[in-house]
Amino acid sequence: MSIDTIGAPAARRAVLAAQGFTDPRPGGPVTRRHLQRVLDRVRLLQLDSVNVAVRAHYMPVFSRLGPYARGLLDDAAWAHSARRPRLLVETWAHEASLVPVADWPLLQSGAKRSGWWRHYGALVEGNPGLVEDVLAAVKELGPVGAGELEEALGGASRPRPPGATWWERSDVKRVCEYLFGVGALLTGTRRHFQRLYDLPERVLPPEVLAAGPADPEQSARTLLLRSASALGVATEPELRDYYRLGPVTSQRAVAELVDAGALAPVAVRGWERPAYRLPGAPVPRRVTGRALLCPFDPLVWERERAERIFGFRYRIEIYVPEAKREFGYYVFPFLLDGELVARVDLKADRAAGVLRVPGAFAEPGADTVRVVAELAGALREMARWLELDAVVVGERGDLAAPLALASR
């Protein structure tokens, strides 16, 4: 089998095209159709509890489409009707993620490795009555939070009815996490970002439920093709990491896809590992435009890959003591014309109504005059999207002073 060889710049452009950064931004208001286009590209949106600047799942859509009503994504994920069916459902994918509803059976098929909730398996097996009580309570009360279930099932300060069993509150929460992990419970909606559990039949479309259990081997192949579509060019470990498949499952499935001609091997100059892409995947001649990227954007969440593709060493420093942080608490890379040229530490100060930039740093060799002009525009656009009145730049970093002037 002949293997194509491409240069690292071509691979980078293919990656950016796959992630939607060569698609034109909407000329008017962002609609559900535009959102669907982004979802077709990235395949999933990672959820995270950090809300320093903006919740992680909102930002990749903004990075690709520009300002949009966040309620559009909320409705797609957590509200549905006969006229506007749910587009997304929560499950464990890369991490806790929003995925297209049609992909939920693939992720529940057994193709993925069991997650951390498997440690609660002994609790579930040893307490079948607790599982029954949780499911019955969700059926009656749902969508319902774990705290409300704990109150209902776990030691509320009122007389115990004859014959009733009340459970330890922590056990109720663990069982909820386990049942969510295995797909017996889903997120019906969210309240102040708190997950409210509901039954799958009240969350998923009937056609998804009626499809029945998916075959794990076929599901693994399908998920890897989803990964290849989203990543553009990727090594086997990167393909597997997108949905956190196991190495044996992934390696076997990749070999099968190559044999079937569904996945094409490609050698990238400067990459030590062999890579893969979809046959006929586009490689644009150039990439233009700008975007701020949150730490959980799929373009950069795999840090070694980001460093190999963009020459951009990136680590999230949330858990680093403040005195030891190199760039800041919650740092956004800045993409400009296909290169990662700068990074900014961001915080939405909602009380003051400003987007704060405690630190701003250029990458070596960047055209700082142009970077400052474009970055200032991107920050103003983000501030308006977040309904903040101004951008306030701090003093850390070599871009801080010129960026402060440009942002006034």
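Predicted model: local features only at pLDDT ≥ 70, side-chain atom pairs only at ≥ 80, totals over all residues.

Trainee: OK, so is E90 buried or exposed?

Mentor: E90 is buried, at a relative accessible area of 2%.

Trainee: And what does the side chain of E90 meet in a salt bridge?

Mentor: That would be R190, with 2.8 Å from N to O. R190 sits in strand β6 (residues 186–191) and E90 in strand β3 (residues 88–92), so this pair ties together parts that are 100 residues apart in sequence. By salt bridge I mean a side-chain nitrogen of Lys or Arg within 4 Å of a carboxyl oxygen of Asp or Glu. Helices (H or I, at least four residues) and strands (E, at least two) are DSSP runs, numbered from the N terminus.

Trainee: Is R190 buried or exposed?

Mentor: R190 counts as buried, with 18% relative accessibility. There's a network here too: salt bridges link E90, E177, R190 and R195.

Trainee: How many salt bridges are there?

Mentor: The count comes to 25 by that rule. Another one joins R240 and E236, whose closest N and O atoms are 2.7 Å apart. Both lie in helix α12, four residues apart, about one turn of the helix. E236 is buried at 9%, and R240 is buried at 18%.

Trainee: Which residue does R370 form a salt bridge with?

Mentor: With D337, and the closest N and O atoms are 2.8 Å apart. That pair links distant parts of the chain, since R370 is in helix α15 (residues 368–385) and D337 is in the loop between β12 and β13, 33 residues apart. R370 is partly exposed at 35%, and D337 is partly exposed at 29%.

Trainee: Which residues have the most contacts inside the largest nonpolar core?

Mentor: V134, L292, F332, V344, L379, M382 and L403, in a core of 115 residues. Helix α15 gives the most to it, with nine residues. A nonpolar core is a set of buried Ala, Val, Leu, Ile, Met, Phe, Trp, Tyr and Cys residues joined through side-chain atoms within 4.5 Å. There's also a second, separate core of 27 residues, including A306 and I309.

Trainee: Which residues of helix α14 are buried?

Mentor: In α14 (residues 303–310) they are R303, R305, A306, I309 and F310. Seen down the helix axis, they fall within an arc of 155 degrees, so they line one face of α14; the arc is that of the directions from the axis to the C-beta atoms.

Trainee: And what comes after α14?

Mentor: G311 follows α14, and its phi is positive, near 65 degrees.

Technical notes. Residues numbered from 1 in each chain as written. Heavy atoms only, no water. Buried < 20%, exposed > 50% of the residue type's maximum accessible area, 1.4 Å probe, protein only.
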